[in-house]
Amino acid sequence: MKAKVFQKIAIKMTMENKGQVAVQPHLEMGPLEDGAMHDLDDECLYSSEMDAQKTHPIHSNQPVLFSGLPVGGNKMTRNGVYKSIKTVVFSNKLNLLMPFGPLAIMVHKMTASNGWVFFLSLLGITPLAERLGYATEQLAFFTGPTVGGLLNATFGNATELIISIYALKSGMTRVVQLSLLGSILSNMLLVLGWAFFCGGLVHYGKEQVFSKATAVVNSGLLLMAVMGLLFPAVLHYTHTERHVGKSELALSRFSSCVMLLAYAAYLVFQLKSHKDSYVPVGEEGSLNGENDDDDEAPEISKWESIIWLAIMTAWISILSDYLVDTIEGASDAWNVPVAFISVILLPIIGNAAEHASAIMFAMKDKLDISLGVAIGSSTQISMFGIPFCVVIGWIMGQEMDLNFQLFETATLFITVIVVAFFLQEGTSNYFKGLMLILCYLIVAASFFVHEDPVAADQVSTIAYGSIAYKYKAKLHLLPTFLVSLTTAACS
Amino acid sequence: MDHKQQVGAQSHVEMGSVEDRSMLDLDDECLDSPGTEAQKTQMPFSGQQLPFSDGFPIGGNKMIRNGVYGSIKTVVFSNKLNLLMPFGPLAILVHKLTTSNGWVFFLSLLGITPLAERLGYATEQLAFYTGPTVGGLLNATFGNATEMIISIYALKSGMTRVVQLSLLGSILSNMLLVLGCAFFCGGLAYHRKEQVFNKATAVVNSGLLLMAVMGLLFPAVLHYTHTERRAGKSELALSRFSSCIMLVAYAAYLFFQLRSQNDLYSPIDEEGSHHEEGSDNDEDEAPEITKWESVIWLTILTAWISILSDYLVDTIQGASEAWDLSIAFISVILLPIIGNAAEHASAIMFAMKDKLDISLGVAIGSSTQISMFGIPFCVVIGWMMGREMDLNFQLFETATLFITVIVVAFFLQEGTSNYFKGLMLILCYLIVAASFFAHEDPTTTDQSKQPKT
């Protein structure tokens, strides 16, 4: 929800520095960055799911609206198509990666190099994910606080969900489980660790503090998610289910509904009561819907937001399709297990924007926002993303369950305990950050040497089947297909 | 210094009221860095020598020159625990005369105990001369030197399982038994009030212990779920990598402590003061033996401990058969209890004097040091020796460590203690000990029957 920040800055600086100006949406402001920092104080920093899901990195060349009068939620600035494109597409340095998307499609049509296609589509998705967050924020201006919060809660991790739904469609339920797990792990350990570490180094003299209450609630939700994941896994592993195979699935589906209920209750709780109990340390909590209209204004109109939302989602879907199809080929080409790619590589690159923004906010001593980005994202994926995928799989007829196999469940369990323990004090320093990063290195190393038999089977038999089906005439894929079959047979 | 006047450099004049004084003096020691000074805190010695001066501070530079006789008297004859020293040579004698492995094991264990304590003393003395940073590092390294030496000898003999078990046992005994006794006795002595300790240090240590558990958990789960890429090799590679990371984390911890302890982690009711203030408040602290004497004694004691460790490791199998106990039980329960006796006693003593931070430093700091430094260090040493020592402690031991760390972290997070908490920790230790009594460890019985190389 940081776009409105830039609006605030713009308006403030306008009223301080400039006089009456016309509505020129694409004038650039030089000293935007410093101004931005003052105004971030006034934002709602507490609701982790709402505002801070996809925070933007500060853009030094963000175009800004100028007007002398408060720009309310009702006053739309009509952008032409050109201006709209300029606002959304050309305003972010990260968007330099955008051409990689079409490039990936080209490479896929021309060569059989799955490794490259995977890598390029991954790079191509990154800026799209960030822009999707931006479009969601913009839309939230127009929909009021409640729906805005819900929007953010749903679309906050839309990229991971879209990738997961495509993988589900291809029947690669194991890849879904692994990529969601990896997203949780990378948010909890790597993003949080870097944020604590960089923030601790920058603010060396003092200990940074954050709102303990939020952290504790999120830790509690994460522990509940671990509980939801633990029971199917242990049931399966101890061979004590009543109907082999079916019990787990039924239990998973039921637990998923319960977890979705819990998440809905969490949203209600946040929206209703956050002002009273969960004031971030040192700052006033304000929700995204408070239309302090002299501070915030949308950059694009309501319909533009919706259209861009749709466009981004479509683009992400297309690239996700390629991503999912080529994961096995990439695993062969780079000689790393599919589990490692799904759990470690995919989330790191996919979450790059969130990562950068969390670090930046920590270095500006706004640890609550960083925490919102990192832990809030983890909570959302674990309590909403995973159960939602199970339900979607139920609807599609795919057998997606909550049994993440023992190794992955144990990993999640120990990680949640370590992170919950670190967070409970409410303070942070560079040493804690360093420890979290080192823990992530241990986790990554474990997955590097971990062969996941389920993933290997699923991916090789299904993904190549789907590719072979789609490109029947492409004979050059045949050797790759045979190689993958041989690999699957030998492993 | 209140009682005597001008004295010469007669280092072996004994003071009657030393015992009370040395307790006061220990106040000013660095109390919060668990890995540094409080590792091997000295027991009150009624025969402790003190240098006398008539009032001007004895700095770290002014040495009291001891003759050889004086030195021996200072180091060897000043501690009641040293009565156990003759057991060392006795063990060697018995080994040569009889084949009774049980007795040799027992006697060498008794013989090592005073040596371990004196090693800690020599390390402290040396730390006077080397300044705070190196002193802290010295304490951090030599704090658990006895366990490390025993482990290295076991590694050399190829008994990697004994290494794992003895280090695990050391952690468990420090976290549960030593801490529990300290809380219990302190709580009884200070019946009315709740004793407090520095929460921040305890939380950092708990965090490090959790990270160590994480490092141990992954190789064990990887092995147990049979999901490694190359059976056998993957675990070893992962263990070695994780060990390096854990060593980096421990180094960062030392760095972090030495840098910031004055700001953040002052013990409750006391100023955090480090070694350097020891050399300033020289009317309270002064080294008793010279720098070179410290180094020489350090070497002598290390050599003696090595010799006895050799006998210890060689006879563990025989002792296990003679006493009809499993090797796992001996390594995890008996070895650490007797080996750590000195630390144990000092932790209890400090708790009874309401200096719970020092007790915590001794107990939890020692656990942290073994788990984040000792175990990874042994893995690296094994790597260099060509031994396949890894972090896979097998499921039973890993689960034990995990639940113990969680219990202790939970108890510590409040920052207060009373006799009930101490009693619960001791009872937890009894449960753990009973579990190991009933636990047959298949790998040890195989390993110990292998020929020693």
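Helices here are DSSP runs of H or I with at least four residues, strands are runs of E with at least two, and both are numbered from the N terminus. By that count, chain A has 18 helices and four strands, while chain B has 17 helices and two strands.

A word on the ground rules. This is a predicted model, where local features need pLDDT of at least 70 and side-chain atom pairs count only at pLDDT 80 or more, though totals for chains, interfaces and linings use all residues. Residues are numbered from 1 along each chain as its sequence is written, chains are lettered from A and ligands numbered from 1 in the order in which they are written, and side-chain values use heavy atoms, with hydrogens and water left out.

**The two chains**

Let's call a residue buried under 20% relative accessible area, exposed over 50%, and partly exposed in between (1.4 Å probe, protein chains only). Chain A has 491 residues, and 63% of them count as buried. For chain B the figure is 62% of 453 residues.

Contact means heavy atoms within 4.5 Å. Take the contacts in chain A with a separation of 6 or more: 87% of them are between residues 24 or more positions apart. In chain B, 85% of the contacts between residues at least 6 apart join residues at least 24 apart.

Asn403(A) is buried, at 4% relative accessibility. Beyond its neighbours within four places in sequence, Asn403(A) is in contact with several residues, including Arg174(A), His236(A) and Glu248(A).

In chain B, helix 11 (residues 316-323) has Ile316(B), Gln317(B), Gly318(B), Ala319(B) and Ser320(B) as its buried residues.

**Where the chains meet**

How many residues of chain A are in contact with chain B? There are 35 of them, facing 38 residues of chain B. Buried area is the accessible area (1.4 Å probe) that two parts lose on being put together, summed over both. Between chain A and chain B it comes to about 3200 Å², with carbon and sulfur atoms giving 78%. Phe421(A), Phe431(A) and Ile442(A) supply 20% of what chain A buries against chain B, more than any other three residues.

A salt bridge is a side-chain nitrogen of Lys or Arg within 4 Å of a carboxyl oxygen of Asp or Glu. The rule finds one across this interface: the side chains of Arg229(B) and Glu451(A) meet at 3.6 Å, N to O. On the chain A side, helix 15 (405-423) and helix 16 (430-448) each supply at least two of the residues that touch chain B. Helix 16 gives the largest share, twelve residues.

Arg229(B) also has its charged end over the ring of Phe448(A), 5.9 Å from the centre. The rule for that is NZ of Lys or CZ of Arg within 6 Å of the ring centre and within 35 degrees of the ring normal.

Over all chains, the structure holds seven salt bridges. Here are some of those within chain B.

| Pair | N to O distance |
|---|---|
| Arg118(B) and Glu117(B) | 3.1 Å |
| Asp354(B) and Lys193(B) | 2.7 Å |
| Lys421(B) and Glu414(B) | 2.8 Å |

Arg118(B) is buried at 1% relative accessible area, and Glu117(B) is buried at 5%. Asp354(B) and Lys193(B) link distant parts of the chain, 161 residues apart. Asp354(B) is partly exposed at 25%, as is Lys193(B) at 41%. Lys421(B) is buried at 8%, whereas Glu414(B) is exposed at 51%.

**Aromatic pairs**

Rings of Phe, Tyr and Trp (its six-membered ring) pair if their centres lie within 6.5 Å; planes under 30 degrees apart count as stacked, over 60 as edge-to-face and the rest as tilted. A search of the whole structure finds 25 aromatic pairs. In one of them, the rings of Trp116(A) and Phe119(A) have centres 6.2 Å apart and planes at 70°, so the pair is edge-to-face. Trp116(A) and Phe119(A) are three residues apart in helix 5 (residues 114-155) of chain A, about one helical turn. Trp116(A) is exposed at 53%, while Phe119(A) is partly exposed at 30%.

Phe119(A) also pairs with Trp334(A), with centres 6.5 Å apart and planes at 80°, so this pair is edge-to-face. Trp334(A) sits in helix 11 (residues 327-334) of chain A, 215 residues from Phe119(A), and is partly exposed at 34%.
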